[in-house]
Amino acid sequence: MSTTTPVIPTQTKVAIFGTASLAFCGILVETSMNVTFPTLMHQFHTTLATVQWVTTAYLLAVAATMVITAFIQQRFRWRTIINVGGAGFVLGGLLCTVAPQLWLLLFGRIIQAIGTGLALPLVFAQIMTQVPFTAQGRFTGTAGMLIALAPSLGPTYGGLVTQLLSWRLIFGITLPFGLIAWLITAKTIRQTQAPRSRPFPLCQFGLVVAALILLIFSVNNLSTHGLSLVFVWLPLLLAVLAVLTFTRSATRTTHPLINLAVFQQGNFTRALLIYFFIQFIQIGLTFLLPNFAQLALGKNALVSGLMLLAGSLCSAILSPLAGKLMDRRGIRRPFQIGSGFLLLATLSLTGLAQHLSVGLIIGLFVGLFVGLFVGFQIGFSCLFNNALTYGLQQLPPQLMGDGNALFNTLQQYSGSLGTAIMAVLITLGTRMAPSASSTMQTTLGTQIALWFSLIIIMIVAALALTTKPIANMADDQHQSRSSNH
């Protein structure tokens, strides 16, 4: 690989930073709400299964928006897209700040999610089309660091604001920062290709959204209806049918919502699965452990948020370094290092699940380079953004938008699914020990969720350790993109 440092225009750097900052604000309020669930349960007089839709609905709406980003980025000017996204973030945030009832809070979250869903894919679209091939890993890692700071700071920020002020100010405080990021991006963003007219495949979009909603609906109903035919198996079957119908339609039309030809490249599919599963566990754990600390250990929202801070910050700081390692040494080295840390940390955490306490969780989550969850976060930083970069590098320019849409859609949907499944596993403790105290039931559910997490991480490690670099293909993609520009 070339060692020459590429020159990238300042305007491009500012536009990428501005877009990433707007996405940061959206994800910050997303993860900040995880520690407010007990507060919301009390204020709105409802259950955990209902309140978790504050996060699940947000992530689901982001995922549904990202499904159409390939179409949107080709059909409209990027400045128009960022203007709509910024307006959605501001309007949704205002609604959430003043929401007197849970339904209005959910509505505001969905509007804000649409804004985030439009902004986040533009970060990586700019990097993959306007940054030279040899610097893409570094830029993806740096942008990923900024975005990753959101889930790092989110629980602590949410806990601090909820404990000292009001959960409503979680939205109010972020609004001016999101507004500034929006205006900066709208001023500097550019695109290399002019928009082109193409029909919108409404039927395919409806099928994808239906599948996403039905699957989440099925999973959520597990906690209240068990293995019910009507509430669990029927929506699951309908979700599968929707996916199959979408696949059939997308392969038979000249203008699919997402070009499924991306899956013909095996390394792209492998990277996409790694990306999905690791985000699934990451967001799932940021839901699981704070709620365990509050519901089982009686800790407040601030303590629950602080538990997650240092380990997650470690991951955010290491992301650019992991990207540089990929640029210099290829994909195998960061994947090997990341898999080792993930396996060791998750296995150790699961083995200690029988002795969970808030002190142990703090040690695992926040101890810099000594806590086991810091090890998990090191592994996460080596795998997560590098999987996205590596996967997109396998695609020709004409499929880049489709691949980017898939990565960003599954990133958000995996978080939605992870939150829903972790909530189900926590309530499973109640079903398994109906006569036990609520503390013991929550602890048992948390232990089950950690064992489940270990299984998923083993799948991630198997996929990562069997990934093979394709140097020639990477060179061909570089030449293709250069000629295309």
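**Figure 1. The side chain of Gln-126 makes a polar contact of 3.1 Å with the side chain of Thr-19.** A polar contact is a pair of N or O atoms within 3.5 Å; within protein, one must be able to donate a hydrogen and the other to accept it, and residues adjacent in sequence count only if both atoms are side-chain atoms. This is a predicted model, in which local features need pLDDT of at least 70 and side-chain atom pairs count only at pLDDT 80 or more, while totals for chains, interfaces and linings use all residues. Residues are numbered from 1 along each chain as its sequence is written, and side-chain values use heavy atoms, with hydrogens and water left out. Gln-126 lies in helix 7, residues 102-130. Helices (H or I, at least four residues) and strands (E, at least two) are DSSP runs, numbered from the N terminus. Gln-126 is buried, at a relative accessible area of 0%. Buried means under 20% relative accessible area, exposed over 50%, and partly exposed in between, with a 1.4 Å probe and protein chains only. Leaving aside residues up to four places away in sequence, Gln-126 touches Ala-15, Ile-16, Thr-19, Trp-78, Val-131 and Ile-189. Contact here means heavy atoms within 4.5 Å.

**Figure 2. The protein chain has 20 helices and 0 strands.** The chain holds 485 residues, and 59% of them are buried. Take the contacts between residues at least 6 apart in sequence: 83% join residues at least 24 apart.

**Figure 3. Val-35 sits in the loop between helix 1 (10-32) and helix 2 (37-44).** Val-35 is buried, with a relative accessible area of 0%. Val-35 and Ala-293 are 258 residues apart in sequence. In space, their C-alpha atoms are 9.7 Å apart.

**Figure 4. Helix 6 (residues 78-98) meets helix 9 (residues 169-188).** Their axes come within 9 Å and cross at roughly 170°. Axes are lines fitted to C-alpha atoms, for helices over the stretch in contact, and angles run from 0 to 180 degrees between N-to-C directions. Helix 6 and helix 9 are therefore roughly antiparallel. Angles under 35 degrees count as roughly parallel, over 145 as roughly antiparallel, 65 to 115 as roughly perpendicular and the rest as oblique. Helix 6 contributes residues including Arg-79, Ile-82, Phe-89 and Cys-96. Among those from helix 9 are Phe-171, Leu-175, Trp-182 and Lys-187. The contact of helix 6 with helix 9 has 11 nonpolar, 8 polar and 2 charged residues. Ala, Val, Leu, Ile, Met, Phe, Trp, Tyr, Cys and Pro count as nonpolar, Asp, Glu, Lys and Arg as charged, and the others, Gly among them, as polar.

**Figure 5. Helix 10 (residues 202-225) crosses helix 11 (residues 229-250) at roughly 160°.** The two axes come within 8 Å. Helix 10 and helix 11 are therefore roughly antiparallel to each other. Their crossing is left-handed. A crossing is left-handed if the near helix is turned anticlockwise from the far one by less than a right angle, and right-handed if clockwise. On helix 10, the contact residues include Gln-204, Leu-207, Phe-217 and His-225. On helix 11, they include Phe-231, Pro-235, Phe-246 and Ala-250. The contact of helix 10 with helix 11 divides into 17 nonpolar, 6 polar and no charged residues.

**Figure 6. Helix 15 (residues 332-351) packs with helix 19 at about 165°.** Their axes are 9 Å apart. Helix 15 and helix 19 are therefore roughly antiparallel. The crossing of helix 15 and helix 19 is left-handed. Among the contact residues of helix 15 are Arg-332, Phe-335, Leu-343 and Leu-347. Helix 19 supplies residues including Leu-450, Trp-451, Met-458 and Leu-465. By class, the contact of helix 15 with helix 19 has 14 nonpolar, 5 polar and 1 charged residues.

**Figure 7. Trp-451 belongs to helix 19, residues 438-465.** Trp-451 is partly exposed, with a relative accessible area of 45%. Trp-451 and Leu-347 are 104 residues apart along the chain, and their C-alpha atoms are separated by 8.6 Å.

**Figure 8. Gln-279 is found in helix 12, residues 266-295.** Gln-279 is buried, with a relative accessible area of 8%. Not counting residues up to four places away in sequence, Gln-279 touches Phe-380, Phe-384, Gln-411, Ser-414 and Gly-415. Leu-285 also has its place in helix 12. Leu-285 is buried, at a relative accessible area of 3%. Leu-285 and Leu-450 lie 165 residues apart in sequence and 8.5 Å apart in space, C-alpha to C-alpha.
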